[in-house]
Amino acid sequence: MSKLRIPTAEAFAPLLQPSRYKGVWGGRGSGKSHFFAGLLVEEHLRFAGHRSVCIREVQKSLKQSAKKLIEDTLQKYKLGEAQGFKVWREVIETPNDGLIIFQGMQDHTSDSIKSLEGFDRAWVEEAQSLSDRSLSLLRPTIRSDGSELWFSWNPSRANDPVDMLLRGPVPPSDAIVVRANWSDNPWFPKVLEQERLDCKENQPDRYGHIWEGEYATVLEGAYFAKHLTQAQHERRIGHVAADPLMKTYAFWDIGGSSSRSDATAIWIAQFVGSEVRVLDYYEAVGQPFDAHVNWLRSNGYEDTICVLPHDGRKHDMVYAVTPQSFLQEAGFVTEIVRNQGAGAAMQRIDAVRRLFPQIRFNEETTAGGRESLGWYHEKKDPVRGIGLGPEHDFSSHAADAFGLMAIYNNARKVDDGWNDGPIVRGLKGFA
Ligand SMILES: Nc1ncnc2c1ncn2[C@@H]1O[C@H](COP(=O)(O)OP(=O)(O)O)[C@@H](O)[C@H]1O
Ligand SMILES: [Mg+2]
């Protein structure tokens with residue numbers, strides 16, 4: 001029998017040995033899919049009765065599966081019925097009662113997943129979309145002797161389940177994970193090279209994600225994206241509980257009450273020693289002021305100290321009273337952080353960056369706010385390419401309120417007096 005030669009890029013060589021978990025992450029066109037398809041076919045030729053399942057989180061039709069790629073691979077290596085391979089509409093038969101099937105995890109229940117027990121390989125394509133539930137279903141199911149779980153993906157966020165599993169601080173001991181990009185692919189095709197160059201030219205902000213495998217939120221010019229990734233990897237985003245003995249603060253960015261006005265954003269936090277515990281996040285557009293107050297009350301924050309930016313004292317066209325007096329009448333203690341003057345936005349950004357290593361986030365309740373923090377970025381002059389300060393968009397409100405928290409934390413250390421320094425205090429009921 002003639003020898004089958006499967007040309008393999010060097011980047012994938014570590015994955016040719018057995019391992020419980022195998023992962024390849026990176027940008028488009030790195031050869032991830034071709035590599036695993038080749039390895040799968042090789043194994044089905046090598047091991048009689050081998051059984052594999054090719055998985056996606058969502059698979060509405062077989063067209064979205066790796067089936068076509070595996071068929072192409074069989075054709076390329078001239079593997080057909082004579083060698084024991086037979087392509088059916090839904091499955092591929094392989095030598096000695098072996099089988100390759102194609103499934104979407106979202107079609108599985110905890111019962112139906114049992115049909116995959118006894119499978120030797122599960123290969124998850126586009127694994128950045130894999131949900132926590134799917135990963136938790138899959139891991140114990142694929143458990144026969146010598147079975148392996150393979151993942152190929154272009155990372156989206158550091159807290160996606162596959163990234164947490166294979167690129168987090170403590171990956172499973174039996175895991176081999178490699179990074180592969182277009183530059184590692186000796187067969188990188190010309191058409192993709194053109195696409196790549198166009199992307200670099202026209203979508204420079206997205207290039208790193210699409211082609212180099214960087215997280216999608218790490219925009220060029222993002223102020224806090226790296227800090228968030230760091231927090232994720234240091235497990236500072238997780239279950240964070242309030243300390244019942246400590247004061248709780250609500251840091252506000254005040255929007256308007258019309259549907260076209262800016263959002264109102266609130267972060268709930270506690271200062272516990274040097275640690276900042278971020279417990280909750282709230283955002284609303286076009287709501288009357290008492291909707292915000294209702295949120296505070298109905299979430300158990302009726303005793304929080306409301307910290308407002310300097311415009312909290314101003315009369316807005318839309319409110320009959322100032323936000324500060326409204327809150328005071330509602331029974332809240334309020335504090336105002338004085339206007340930081342010119343460069344206020346950059347001061348807030350610097351303060352947040354300095355404070356970040358001390359911050360812990362309660363994962364479940366702060367997702368929306370963290371998303372904004374990850375997106376908050378510098379606006380660039382498209383012609384001269386110079387920075388124009390923070391872009392004002394959906395993310396600014398969460399970022400401003402978060403910045404207020406950092407400024408307040410700094411001020412808290414130096415100023416505990418009344419009405420001097422950057423903070424103005426008002427007692428409960430004080431008008
Ligand atoms: N082993 C290989 N032999 C020949 N061409 C390959 C091989 N691996 C990748 N390629 C080429 O590189 C392109 C990108 O590979 P692919 O596996 O689709 O990348 P990814 O899944 O990382 O986006 C393929 O369309 C194919 O043209
Ligand atoms: Mg692919």
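**Reading rings and strands**

Colleague: Does Trp 252 count as buried or exposed, and why?

Modeller: Buried means under 20% relative accessible area. Trp 252 has 1% relative accessibility, so Trp 252 counts as buried. Keep in mind that this is a predicted model.

Colleague: How many aromatic pairs does the structure hold?

Modeller: A ring pair is described by two values: the distance of the centres and the angle of the planes. The structure holds 27 such aromatic pairs. One of them joins Trp 252 and Phe 289: the centres are 5.3 Å apart, with 10° between the planes, and the pair is stacked.

Colleague: Which parts of the chain does that pair link?

Modeller: Distant ones. Trp 252 is in strand β10 (residues 249-253), while Phe 289 is in helix α8 (residues 289-298). They are 37 residues apart. Phe 289 is at 3% relative accessibility, so Phe 289 counts as buried.

Colleague: Where does the charged end of Arg 28 sit?

Modeller: Over the ring of Trp 211, 5.4 Å from its centre. Arg 196 lies over the face of Trp 182, at 3.5 Å from the ring centre.

Colleague: Which strands are joined to β12, and how do they run?

Modeller: Nine bridges join β12 to β11 (residues 264-272), and these run antiparallel. Ile 266 stands opposite Tyr 282 there.

Colleague: How many residues of β12 are buried?

Modeller: Eight of its 10 residues, so strand β12 (residues 275-284) is mostly covered.

How values were computed
Residues are numbered from 1 along each chain as its sequence is written. Chains are lettered from A and ligands numbered from 1 in the order in which they are written. This is a predicted model: local features need pLDDT of at least 70, side-chain atom pairs count only at pLDDT 80 or more; totals for chains, interfaces and linings use all residues. Side-chain values use heavy atoms; hydrogens and water are left out. Rings of Phe, Tyr and Trp (its six-membered ring) pair if their centres lie within 6.5 Å; planes under 30 degrees apart count as stacked, over 60 as edge-to-face and the rest as tilted. Helices (H or I, at least four residues) and strands (E, at least two) are DSSP runs, numbered from the N terminus. Buried means under 20% relative accessible area, exposed over 50%, partly exposed in between (1.4 Å probe, protein chains only). A charge sits over a ring if NZ of Lys or CZ of Arg is within 6 Å of the ring centre and within 35 degrees of the ring normal. Two strands pair if DSSP finds at least two bridges between them.
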